[in-house]
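Here is a short tour of strand pairing and nonpolar cores. Have the viewer open as you read.

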Amino acid sequence: MRMQNIEFKSLSLDDLQPGLLDSFNRFQRVTRAWRTVEGERKLVDAPFIDNWDAATKNEIIAEDFHRCIHHGGKVICAVHNGQIAAFAALLRELFGSAQQYADLMQLHVSTDFRHAGLGRRLFMMAAQQAEAWGAQKLYISAHSAEETQAFYRAMGCVDAVEINAHHVALEPYDIQMEYVIGRNKEFRMKLG
C-alpha cells in the first residue's frame, strides 16, 4: 500500500462520532519487547496480541480524541477512501521543567497500511505542529514492542531526559522517549 489516495486532515469535535474508527485495525502480534531486567534494558520474549475491539475504539473517540481537541490539541488523520488509515493525537498543553515537551499521546497505523510511510509522515506533521506551539521536543510514552521501538528509534527518538510520572503510572512497560524537534530537517523538507 502506497500513499496514493491518502488525504491528511485534522479532526474537529463534530467529527467525533461513534464508529469513526470502525474500519481501523489495530492488530499487532508482539513476540519480543523491551523490559528492564536487573537494571538493564533487554529485548525479551513477551508474546501477546494487541488489538482493539469496538468498545475500545469508541472510548478512544469519546475520551482521548475529545479531550485532545477540546483542550486545543490536534488529531491528525490519514484518510483512505473515507476511512481512517492512521492517526496521531497531539496534546496542546506543554510540560516539562522549561515547558519544552508536547505530548504525542497516540500514533497508530491500521494494519493494512503499515510500512507505507504514514507513521513517519504523521510523526513529522505532529512535530511541526508542536514546534508551532513553541515546543522543543515531542514526548512519547511508547509501546515496548520490538517493532514499535524500532520505528521511534529510526525517527530519531531517544530515552526521555525528563520522565512524565503520569505516563509511567498508566503504562509501566512503556518506554518514555523524546524527539528533539528539527532534528530531521531533510525529511521535513520532503513533506513540503
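In E9, which residue is the bridge partner of lysine 137? The partner is valine 180. This is a predicted model, in which local features need pLDDT of at least 70, side-chain atom pairs count only at pLDDT 80 or more, and totals for chains, interfaces and linings use all residues. Residues are numbered from 1 along each chain as its sequence is written, and side-chain values use heavy atoms, with hydrogens and water left out.

- Helices (H or I, at least four residues) and strands (E, at least two) are DSSP runs, numbered from the N terminus.
- Strand E9 covers residues 175-180, and five of its six residues are buried (under 20% relative accessible area with a 1.4 Å probe, protein chains only).
- Strands pair if DSSP finds at least two bridges between them; E7 (residues 137-142) runs antiparallel to E9, joined by six bridges.
- E8 (residues 158-159) is also antiparallel to E9, with two bridges, and its valine 158 stands opposite glutamate 178.

**Nonpolar cores**
- A nonpolar core is a set of buried Ala, Val, Leu, Ile, Met, Phe, Trp, Tyr and Cys residues joined through side-chain atoms within 4.5 Å.
- The largest one has 32 residues, and Leu138 and Tyr179 are among those with the most contacts inside it.
- Helix H2 (118-132) is one of the elements that supply at least two residues of this core; its share, seven residues, is the largest.
- Another core, of 18 residues, lies apart from it and includes Trp52 and Phe87.

**Around leucine 138**
- Leucine 138 touches (heavy atoms within 4.5 Å) residues including Leu90, Phe123, Met177 and Tyr179, not counting residues up to four places away in sequence.

How values were computed:
Buried means under 20% relative accessible area, exposed over 50%, partly exposed in between (1.4 Å probe, protein chains only).
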